[in-house]
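Welcome! Please look over the sequence and the 3D view below, and keep both at hand while you work through the exercises.

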Amino acid sequence: MAWDEWDRLKTDALTRQQDASTHMRLNQLPSDLAGGSATVPGQTGDLKVTQHDLTRIGSQAHTLYNQLWDKARLAGTSVDSAASDLTKQGFALGAGLQHVSNKWEIQLNSLLDACAQISNHMQVTKKIHAGDDAYIQRQMSSIDTLDAGFDERVGRPGEHNPVYGSPQSPKKK
């Protein structure tokens, strides 16, 4: 490596270090937000989503989809007609207007697809998690029943566990 290149790299690094205050850092939580208790659950921003939240997100995405469909589409409108007329008359503006209209349709379709995916995903997520919640509740209630029979801590240490019934006298041979 040439000496002048080394000096340039050191200068660039120093400049980046001095400009670091204006750049975003993603490798840590800012100290003013951490509050000194970053390891305590519940104070670290645990994610909690209710069925109501999922429903509202899906509903908003569906509403946005409908509004975009009704108000933002240009296909078959006077824009395409104007672009065609301008092109026929020899104006370069006609091709430009048609290009903008085509790009608008592509971007709008992407946005409509994204809104539909969000709306559908929220509905599916709501159904899946409702099923998961019911499954977990069923499993937990059966665990409580089984736990009473397998938990050796029911009786005092060294004594017979009453869950297993009364002790029988050993048979003599």
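This is a predicted model: local features need pLDDT of at least 70, side-chain atom pairs count only at pLDDT 80 or more; totals for chains, interfaces and linings use all residues.

Residues are numbered from 1 along each chain as its sequence is written, and side-chain values use heavy atoms, with hydrogens and water left out.

**Exercise 1. Describe the overall fold and the confidence of the model.**

Solution. 
- Step 1: Begin with the elements. The protein has five helices and zero strands; both are DSSP runs numbered from the N terminus, with helices being H or I of at least four residues and strands E of at least two.
- Step 2: Turn to confidence. The mean pLDDT is 75, and 62% of the residues reach 70 or more.
- Step 3: Helix 2 (residues 31-34) has the lowest mean pLDDT of the elements, 56, while helix 4 (residues 78-88) has the highest, 89.
- Step 4: Check burial. Of the 173 residues, 12% are buried, where buried means under 20% relative accessible area, exposed over 50%, and partly exposed in between (1.4 Å probe, protein chains only).

**Exercise 2. Find the salt bridges and place their residues.**

Solution. 
- Step 1: Recall the idea. Side chains of opposite charge can pair when their charged atoms come close.
- Step 2: Apply the cut-off. A salt bridge is a side-chain nitrogen of Lys or Arg within 4 Å of a carboxyl oxygen of Asp or Glu, and the structure holds two.
- Step 3: Take K10 and D7. Their closest N and O atoms are 3.9 Å apart, and both residues lie in helix 1, three residues apart, about one turn of the helix.
- Step 4: Take R8 and D12. Here the closest N and O atoms are 3.6 Å apart; these two also lie in helix 1, four residues apart, about one turn of the helix.
- Step 5: Classify the residues. K10 is partly exposed because its relative accessible area is 44%, and R8 is partly exposed at 45%. D7 counts as partly exposed at 32%, and D12 counts as partly exposed at 32%.

**Exercise 3. Is W3 buried or exposed?**

Solution. 
- Step 1: Locate the residue. W3 is in helix 1 (residues 3-18).
- Step 2: Compare with the cut-offs. W3 has a relative accessible area of 64%, so W3 is exposed.
- Step 3: W3, W6 and L9 make a nonpolar surface patch of about 360 Å².

**Exercise 4. Which residues form the largest nonpolar core, and what does G58 touch?**

Solution. 
- Step 1: Learn the term. A nonpolar core is a set of buried Ala, Val, Leu, Ile, Met, Phe, Trp, Tyr and Cys residues joined through side-chain atoms within 4.5 Å.
- Step 2: List the members. The largest core has five residues: L68, A72, L108, L112 and C115. Helix 5 (residues 92-150) gives the largest share of this core, three residues.
- Step 3: Follow L108. Leaving aside neighbours within four places in sequence, L108 is in contact (heavy atoms within 4.5 Å) with L68, A72 and R73.
- Step 4: Move to G58. This residue is in helix 3 (residues 51-71), and G58 is buried because its relative accessibility is 8%.
- Step 5: Find its contacts. Not counting residues up to four places away in sequence, G58 touches S119 and M122. The C-alpha atoms of G58 and H121 are separated by 7.7 Å, though these residues are 63 apart along the chain.

How values were computed. Patches are made of residues with over 30% relative accessible area and no salt bridge: like charges are joined within 9 Å, nonpolar side chains (Val, Leu, Ile, Met, Phe, Trp, Tyr) within 5 Å. Accessible areas come from the Shrake-Rupley method with a 1.4 Å probe; for residues, only the protein chains shown count as cover. pLDDT is the predictor's confidence in each residue, from 0 to 100.
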